[in-house]
Amino acid sequence: MIRALIIFITVWLAGIAVIFTVFMNIERVEVDTVAVNDALMSGDISLSELLQQEHARMESERQSRDFKLQIFLYGYTGFVALAGALLFVYCEKSVLKPFRKLQSFARRIAAGNLDIPLEMDKSNLFGAFTESFDLMRVELKQARENERAADRSKKELVASLSHDIKTPVASIKAVTELMLVTAKLDKEIQQLEIINAKAEQVNSLITNMFHATLEELQALSVTLAEVPSTAISGLIKSADYERKVRLFRVPNCLVNADLMRLQQVFDNIIGNSYKYANTEITVTAKFDENHLVIEVSDFGAGVAEDELPLILNKFYRGKNTETKSGYGLGLHISKYLLEQMDGDLQCENSANGFTVKLYLKLAS
């Protein structure tokens, strides 16, 4: 680039010097006084005719001189223009185009696209940097893959530990429930109930953590099948271990669902009602176009209207949950599972409390 610029400037200056030399050496067109005197002395021609001839000769010489100068100027201008065009093409190919490639490459890297390599061309001015930039891309891609692998390994470890911890907690609950059956003293019964409640609390927290980790690992798989609506009643009764749900009826139909995942959904919803409302629970079921809608309602204080759109977000907990344990995952996971079943979950404040609506897709 610098060499080309030096050559162009040298050619331009040389042209200027040539023009200056030409102008300095141009002979002036003057009257030939000797020839005029000789002609007048000979008497062969009149003065007027002689002046006309001399004027014609001077005009011819002037035109010839101007023509040669124009030819030179046109040639020089064309040469400079051609040199400038060649210099522009050279700059475009060797400077601007490689720079645009580097600029586009930098934008892709900033956007997180590390898969497209940077074309190497060591012949241009940026050739020395091209390989270094591409090596940077390779290193960034490898670092990102290592980070993802480490993050996945950490989540798998959390999921594994969560699953392993559930086993001894379940054993504690089983032994406690057995001791409750045989206990006779009120003090012993009260202490065992506290142990059982705390074990259930630990189990709930571990379950939420386990499900959250699996969701991030995309391991909350759902297997759809045509399920009779009569099975839904059993799921609700299984989740209602405190027997707070009033009698209800589910119309006969077939829905697309995963019974195991649907049990998790009802466990989360009814468990939330126990924790935040601690009232009786009503369950109603109806058809809405191509869905079976199951409404689970309690008679608690509900949720603040400004928080209602947020309670389905991961880890979000309302102001009324400050004294309650939890991670804000139950409703989020339930909505995620229902969406995988081609359904949906919605929450709203009702006249007497709080309502969760479950939309189950009817089997076609």
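**Figure 1. Cys-347 and Cys-253 in the predicted model.** Cys-347 has a relative accessible area of 15% and is buried. The model shown here and in the following views is predicted. Cys-253 is likewise counted as buried, its relative accessibility being 17%.

**Figure 2. The aromatic pair of Tyr-241 and Tyr-274.** The count for the model is 1 aromatic pair. Tyr-241 and Tyr-274 make up this pair, with ring centres 5.2 Å apart and planes at 80 degrees to each other, an edge-to-face arrangement. Tyr-241 is located in the loop between helix H6 (230-239) and strand S2 (254-257), whereas Tyr-274 belongs to helix H7 (residues 259-276); the pair therefore ties together parts that lie 33 residues apart in sequence. The two partners are also described by their accessibility: Tyr-274 is buried at 8% relative accessibility, while Tyr-241 is partly exposed, with a relative accessible area of 49%.

**Figure 3. A nonpolar patch on the surface.** Phe-88, Val-89 and Leu-96 form the patch, and together they contribute about 290 Å² of accessible area. Leu-96 is part of helix H3 (residues 47-110). With a relative accessible area of 35%, Leu-96 is partly exposed.

**Figure 4. The buried face of helix H6.** The buried residues in H6 are Ile-232, Ser-233, Leu-235, Ile-236 and Ala-239. When H6 is seen down its axis, these buried residues fall within an arc of 160 degrees, so they line one face of the helix. In an α-helix there are 3.6 residues a turn, so residues three or four places apart point the same way. Thr-230 and Lys-237 are exposed on the other side of H6.

**Figure 5. Asn-278, a loop residue with positive phi.** Asn-278 sits in the loop between H7 and strand S3 (282-288). The phi angle of Asn-278 is near 55 degrees, a positive value in a residue other than glycine. Asn-278 is partly exposed, and its relative accessible area is 48%.

**Figure 6. Asp-342, a loop residue with positive phi.** The loop between helix H8 (330-340) and strand S5 (344-349) contains Asp-342. For Asp-342, phi is near 65 degrees, a positive value in a residue that is not glycine. The relative accessible area of Asp-342 is 44%, and the residue is accordingly partly exposed.

Methods
Residues are numbered from 1 along each chain as its sequence is written. This is a predicted model: local features need pLDDT of at least 70, side-chain atom pairs count only at pLDDT 80 or more; totals for chains, interfaces and linings use all residues. Side-chain values use heavy atoms; hydrogens and water are left out. Buried means under 20% relative accessible area, exposed over 50%, partly exposed in between (1.4 Å probe, protein chains only). Rings of Phe, Tyr and Trp (its six-membered ring) pair if their centres lie within 6.5 Å; planes under 30 degrees apart count as stacked, over 60 as edge-to-face and the rest as tilted. Helices (H or I, at least four residues) and strands (E, at least two) are DSSP runs, numbered from the N terminus. Patches are made of residues with over 30% relative accessible area and no salt bridge: like charges are joined within 9 Å, nonpolar side chains (Val, Leu, Ile, Met, Phe, Trp, Tyr) within 5 Å. Accessible areas come from the Shrake-Rupley method with a 1.4 Å probe; for residues, only the protein chains shown count as cover. A salt bridge is a side-chain nitrogen of Lys or Arg within 4 Å of a carboxyl oxygen of Asp or Glu. The arc is that of the directions from the helix axis to the C-beta atoms.
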